[in-house]
Amino acid sequence: MTLVLAACGDGSANSQEDHQATPGNDQAVKALIKRTMDNLVFVEGGSFQMGDFGPIDPKTEGLPYSADMDNKPLHEVTLDSFSISAYQVSYADYDVYTEATGQEMINTEGLEVDYRAPDVPAGVDWYQARDYCQWLGDQTGLPFALPTEAQWEYAARSRGEFYPFSTFDGRFAERGKNFPTRDEIRDSTPANHALSLYTIGLYPPNPLGLYQMGLNGYEWIHDWYDENYYSISPGHNPKGPESGDMKVQRGASTSESDRSLLVIRRSKSNPDLSIDDPRGLRTHSAFRINTARCAVNLPDPL
């Protein structure tokens with residue numbers, strides 16, 4: 001239960017505890033819980049070299065995969081076993097949750113609505129992602145939470161293999177083979193835009209059975225962000241700094257370069273997606289490209 005309790009410490013004006021559950025969609029909730037449980041992938045624990053593994057990957061001739069410094073130094077991490085969702089949380093999933101907790105549906109106004117589809121990853125901020133996973137825990141009695149950064153990378157790399165991309169073959173996104181074509185991306189949402197996120201499960205998963213990790217939007221992570229964290233990270237079940245300003249995200253949007261889609265890439269954002277623009281105005285990043293999947297912190301398969 002450690003991760004769940006740690007996540008609860010982060011305040012949110014939008015916490016699902018502020019809302020009263022409504023009984024109108026009991027069957028939909030039951031179906032969602034069953035689907036969620038069926039789609040959990042057990043990840044056997046173990047040790048791996050976390051970070052930019054280019055220097056020890058025979059394929060790179062000793063060269064790093066990335067010029068970024070926050071994914072260095074390479075360091076050994078040992079994780080206990082856990083389970084993680086094969087799929088990102090979809091709008092269909094999230095709509096069941098908001099109805100069950102008496103909240104308004106998300107992203108139903110402005111530009112965001114055109115990027116909304118039932119089987120596309122739901123665009124959420126960190127608080128919304130955390131609350132959804134905690135709600136699953138409330139419904140099941142299981143320690144659901146956002147994955148830690150180490151859990152996410154270990155799973156995306158199929159238990160720490162030298163896979164720079166979380167495709168079925170570990171290779172860079174090849175359109176029409178392990179990554180959608182521009183037409184397939186356009187057809188995924190009403191926006192009909194090649195920069196949209198795309199239909200969940202459209203291409204085969206990585207060898208562990210996980211779909212689109214790092215390939216279909218920024219995925220929220222439990223951890224606070226610290227660019228120097230790898231230098232001080234504990235070797236067993238690291239959970240990130242105790243506090244911070246930004247939350248870690250992994251992955252990238254479909255419009256970004258191959259380097260952005262690397263499984264080792266670390267990025268960060270304010271948990272509420274707020275941005276201070278040069279004029280001093282408070283704005284927000286596009287919700288539609290910020291997504292999530294949940295993990296269960298138990299050492300045995302479910």
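Seven nonpolar residues, four polar and no charged: that is how the lining of the largest cavity in this chain divides. Before I go on, please note that this is a predicted model.

Staying with that cavity, its volume is about 70 Å³. The lining takes in Ser166, Thr167 and Phe168, then Asn178 and Tyr198. Tyr203, Pro204 and Pro205 also line the cavity, and the list ends with Tyr211, Gln212 and Leu215. In total, the count of cavities of 30 Å³ or more comes to four.

Now the chain as a whole. The protein chain has 302 residues, and 56% of them are buried. Its secondary structure consists of seven helices and 12 strands. On contacts, take the pairs of residues at least 6 apart in sequence: 74% of those contacts join residues at least 24 apart. The accessible surface is about 13,100 Å², with 50% of that belonging to carbon and sulfur atoms.

Where does Glu153 sit? It is found in helix α5, which covers residues 149-156. Is Glu153 buried or exposed? Glu153 counts as buried because its relative accessibility is 0%, and the cut-off for buried is under 20%.

Methods
Residues numbered from 1 in each chain as written. Predicted model: local features only at pLDDT ≥ 70, side-chain atom pairs only at ≥ 80, totals over all residues. Heavy atoms only, no water. 1 Å grid on protein atoms, 1.4 Å probe; cavity = no way out; pocket = protein on both sides within 12 Å on 5 of 7 lines; lining within 4 Å. Points joined across faces, edges and corners; volume = space filled by probe spheres on them. Nonpolar A, V, L, I, M, F, W, Y, C, P; charged D, E, K, R; others polar. Helix = DSSP H or I, 4+ residues; strand = E, 2+ residues; numbered from the N terminus. Buried < 20%, exposed > 50% of the residue type's maximum accessible area, 1.4 Å probe, protein only. Contact = heavy atoms within 4.5 Å. Areas by Shrake-Rupley, 256 points an atom, 1.4 Å probe, with all protein chains shown as cover.
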